[in-house]
Amino acid sequence: MQGSLSAWLVKHGLVHRSLGFDYQGIETLQIKPEDWDSIAVILYVYGYNYLRSQCAYDVAPGGLLASVYHLTRIEYGIDQPEEVCIKVFAPRRNPRIPSVFWVWKSADFQERESYDMLGISYDNHPRLKRILMPKSWIGWPLRKDYIAPNFYEIQDAY
């Protein structure tokens, strides 16, 4: 089933993939990394002027990494604003996604956290560096294939 935003994007020839709706009825779309920066600007102009949250996750061990954006259309006098969820998938070997910092300034710390925890590089982000882990930390702690350094599992603990 195609949502209203997906239909609008198709009408204007913008490449995407509909992923359906979440449990709250919010439309979810997949955008290719190479199309994300231009589609982000188009969504902002279309009225999605608020980035509610950005997060990232590891889809599967050895698989893709995902960067997720929850966008909202904030308008005066509207009690139930329109929302959309955008997912941008990147390959594990060289995960690069265009930063939307220049569209939504609230992406600053959120993209930095996704970089720090999963190693997704956000192109054109002005301050992309570790924010939670020490600069000397090796690896990306939230990847499913991450092995913690100096970790020894206690065997036969009672």
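Modeller: From the N terminus on, the elements run α-β-β-α-β-β-β-β-α-β, that is, three helices and seven strands. Helices (H or I, at least four residues) and strands (E, at least two) are DSSP runs, numbered from the N terminus. This is a predicted model, in which local features need pLDDT of at least 70 and side-chain atom pairs count only at pLDDT 80 or more, while totals for chains, interfaces and linings use all residues. Residues are numbered from 1 along each chain as its sequence is written, and side-chain values use heavy atoms, with hydrogens and water left out.

Now the sheet. Five strands form an open sheet with mixed pairing, in the order E1-E2-E5-E4-E3; two strands pair if DSSP finds at least two bridges between them. The edges are held by strand E1 (17-21) and strand E3 (50-58), each with a single partner strand, so one side of each has no neighbour in the sheet. On average, neighbouring strands of this sheet are turned by 20° against each other, direction ignored. E3 pairs with strand E4 (residues 65-72) in the antiparallel sense, over eight bridges. Leu51 stands opposite Leu71 in E4.

Two helices belong to this picture. Helix H1 (residues 4-11) lies across E1, strand E2 (27-30) and strand E5 (83-90), and runs at about 40° to E2. H2 packs on the sheet as well, touching E4 and E5, and its direction makes about 160° with that of E5. Contact means heavy atoms within 4.5 Å; axes are lines fitted to C-alpha atoms, for helices over the stretch in contact, and angles run from 0 to 180 degrees between N-to-C directions.

Helix H2 (residues 33-46) also holds Val41. Val41 is partly exposed, with a relative accessible area of 43%; buried means under 20%, exposed over 50%, and partly exposed in between (1.4 Å probe, protein chains only). Together with Tyr44 and Val45, Val41 makes a nonpolar surface patch of about 290 Å². Patches are made of residues with over 30% relative accessible area and no salt bridge, with like charges joined within 9 Å and nonpolar side chains (Val, Leu, Ile, Met, Phe, Trp, Tyr) within 5 Å. A salt bridge is a side-chain nitrogen of Lys or Arg within 4 Å of a carboxyl oxygen of Asp or Glu.

For the whole protein, 39% of the 158 residues count as buried. The accessible surface comes to about 9700 Å², of which 55% belongs to carbon and sulfur atoms; areas come from the Shrake-Rupley method with a 1.4 Å probe, and for residues only the protein chains shown count as cover.
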